[in-house]
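Please keep the sequence and the structure in view while reading.

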Amino acid sequence: LHILPISTSAAVIFGLTIIYASQMLLLVFMSLAGSTLVAGAITNAVMTYLVASFFRRSGKARLAMEAGLADFTVSECMCAVEADRPVVYERIASLMKASQLVPADASDDDALARFDALVRTNIPVALQ
């Protein structure tokens, strides 16, 4: 099971935005301060703060996601249409049996329990 991280594209876009914004800020501060050294120092301070706050926010979100995965169970997941829950459970059980992750004669409850365990072990590793 391979899961591609979705945060990579956000980090690239954020990095490009920071580079562009720092160049624009440098131009503004150079015109206001008249000194390249002062403008560079101000720009670096502002950009360092923005980058640090981005990584702090990303780290907190990652920790929250990992904490949520530690006790994941499909039975506590939200279902947009509650009437669909039995169908979703049946599909998950069928997938687990077709993937031979549980025996073909396993009960749906056993398949769902194995799915819960699979999510708890594989998804946190894939997110690293």
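## Terms and confidence

A residue is called buried when its relative accessible area is under 20%, exposed when that value is over 50%, and partly exposed in between. The structure discussed here is a predicted model.

The mean pLDDT of the chain is 85, and 94% of its residues reach 70 or more. Among the elements of the chain, helix α1 (residues 7-33) has the lowest mean pLDDT, at 80, whereas α3 has the highest, at 94. Where pLDDT is low, the predicted coordinates should not be read in detail.

## Overall form

The chain contains 4 helices and 0 strands, and from the N terminus on its elements follow the order α-α-α-α. Its radius of gyration is 24 Å, well over the 14 Å that the globule rule gives for 128 residues, so the chain is more spread out than a compact globule.

Taken along the principal axes, the box filled by the C-alpha atoms is roughly 75 × 30 × 20 Å. Of the 128 residues, 21% count as buried, and residues 24 or more positions apart account for 44% of the contacts with a separation of 6 or more.

## Helix α3 and its two faces

Helix α3 has 14 residues and reaches 20 Å from its first C-alpha to its last, close to the 20 Å expected at 1.5 Å a residue. Its buried residues are Arg85, Tyr89, Ile92, Ala93 and Met96. Because these residues cover an arc of only 95° around the axis, they lie on the same side of α3.

The face of α3 turned away from this buried side carries the exposed residues Arg91, Leu95 and Ala98. On the buried side, the covering of the helix includes α4.

## The nonpolar core

The largest nonpolar core has 15 residues, and those with the most contacts inside it are Val74, Ile92, Met96, Phe115 and Val119. Helices α3 (85-98) and α4 (108-126) each supply at least two residues of this core, and its largest share, 6 residues, comes from α4.

Leaving aside residues up to four places away in sequence, Met96 touches Leu101, Val102, Ala111, Arg114, Phe115 and Leu118.

Gln100 counts as exposed because its relative accessibility is 70%.

Terms used
Residues numbered from 1 in each chain as written. Predicted model: local features only at pLDDT ≥ 70, side-chain atom pairs only at ≥ 80, totals over all residues. Heavy atoms only, no water. Core = buried A, V, L, I, M, F, W, Y, C linked by side-chain atoms within 4.5 Å. Buried < 20%, exposed > 50% of the residue type's maximum accessible area, 1.4 Å probe, protein only. Contact = heavy atoms within 4.5 Å. Expected span 1.5 Å × (residues − 1). Arc of directions from axis to C-beta. pLDDT = per-residue confidence, 0-100. Rg over C-alpha atoms; globule rule 2.2 N^0.38 Å.
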